[in-house]
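Subject: Structure handover

Hello,

Here is the structure I promised you. Please open it and keep it on screen while you read the notes below.

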Amino acid sequence: MSVEIIDHLDKGIIKLLSKDGRMSFTEIANRLNVTEKTVRSRYNNLVENNILEVVGVVNPISLGVKVGAIIQISVVPPNMNHTIQQLRDITGIRFITLTSGEYQLLVQANVRDYEEITEIVKSIHQLPGINKTNVILQMDVYKNSFEYI
């Protein structure tokens, strides 16, 4: 199954599970006006084809993780892959992406306090090939969605 083959029913299942990953197949079937067996089959196909992954999302504040930062990183190109590997090993960094523009990498860090952000930034500055960083502290989060459809 490819993205081109996903029909309105698959999208409906994905949309409902994006809002409530614990919704039962019976509830989904009722909302989409199909049988529970159809929903179960479609769900299994979506999972088997790596289109859908249902996971538990933790409220970080409930775990004491209250500070977030976006860190833009400028890297010397020959060091890019090595730098990405090293960033993956830094506890607290939860997201790494390659970007265009002045900063080639953007990472998101979520930790308990500002001292941990400071330690992460110090760790990043020790990596070879880092030209500069730009640290943006997250003051508040107004939307954090997993809805793509």
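Start at one spot in the sheet. Leu98 has Leu105 in E3 as its bridge partner. Keep in mind that this is a predicted model.

**The sheet**

Now zoom out. The sheet is open and has 4 strands, in the order E2-E3-E1-E4, with antiparallel pairing. E2 and E4 are the edge strands, and each of them pairs on one side only. From one strand to the next, the twist averages 20°.

Next, the pairing of E1 with E3. These two strands run antiparallel and are joined by 7 bridges. Ile70 stands opposite Gln108 in E3. Gln72 has Leu106 in E3 as its bridge partner.

E3 also pairs with E2. Here 5 bridges join the two strands, again antiparallel. Look for Ile93, whose bridge partner in E3 is Ala109. E2 and E3 form a hairpin with 6 residues between the strands. Within that hairpin, Gly101 takes a positive phi near 100°.

How enclosed is E3 by the rest of the structure? Of its 7 residues, 5 are buried, so E3 is largely enclosed.

As you trace any strand, remember a general point. In a regular strand, side chains alternate between the two faces of the sheet.

Which residues of helix H4 are buried? H4 spans residues 80-88, and its buried residues are Met80, Thr83, Ile84 and Leu87. Look down the axis of H4: these buried residues fall within an arc of 100°, so they line one face of the helix. There is a general rule to set beside this. An α-helix has 3.6 residues a turn, so residues three or four places apart point the same way.

What covers those buried residues of H4? The cover includes strand E1 (67-75), strand E2 (93-98), strand E3 (105-111) and strand E4 (130-138). Helix H5 (114-125) is part of the cover too.

Thr133 lies in strand E4. Its side chain makes a polar contact with the side chain of His125, at 2.7 Å. Leaving out residues up to four places away in sequence, Thr133 touches Ile71, Gln72, Ile73, Tyr103, Ile124 and His125.

Asn134 is in strand E4 as well. Is Asn134 buried, exposed or partly exposed? Its relative accessibility is 29%, so Asn134 counts as partly exposed. The side chain of Asn134 makes a polar contact with the side chain of Gln72, at 2.6 Å. With residues up to four places away in sequence left out, Asn134 touches Ile70, Ile71, Gln72 and Tyr103.

Asn134 and Leu52 are 82 residues apart along the chain. Their C-alpha atoms are separated by 34 Å.

Go back towards the start of the chain. Asp10 lies in helix H1, which covers residues 8-19. Asp10 counts as buried, because its relative accessibility is 2% and the cut-off for buried is under 20%. The side chain of Asp10 makes a polar contact with the side chain of Arg42, at 3.0 Å.

How many aromatic pairs are there? The count comes to 1 aromatic pair. It is made by Phe25 and Tyr43, whose ring centres are 5.0 Å apart. Their planes are at 55°, so the pair is tilted. Phe25 is in helix H2 (residues 25-32), and Tyr43 is in helix H3 (residues 36-48). Phe25 is buried, with a relative accessible area of 17%.

**Where to look first**

- The pairing of E1 and E3, with its 7 bridges.
- The face of H4 lined by its buried residues.
- The tilted pair of Phe25 and Tyr43.

Over to you.

Best wishes

Technical notes:
Residues numbered from 1 in each chain as written. Predicted model: local features only at pLDDT ≥ 70, side-chain atom pairs only at ≥ 80, totals over all residues. Heavy atoms only, no water. Buried < 20%, exposed > 50% of the residue type's maximum accessible area, 1.4 Å probe, protein only. Polar contact = N/O pair within 3.5 Å; in protein donor to acceptor, adjacent residues only side chain to side chain. Arc of directions from axis to C-beta. Contact = heavy atoms within 4.5 Å. Pairing = 2+ DSSP bridges. Axes fitted to C-alpha atoms, helices over the stretch in contact; angles between N-to-C directions. Phe/Tyr/Trp six-rings, centres within 6.5 Å; stacked < 30°, edge-to-face > 60°.
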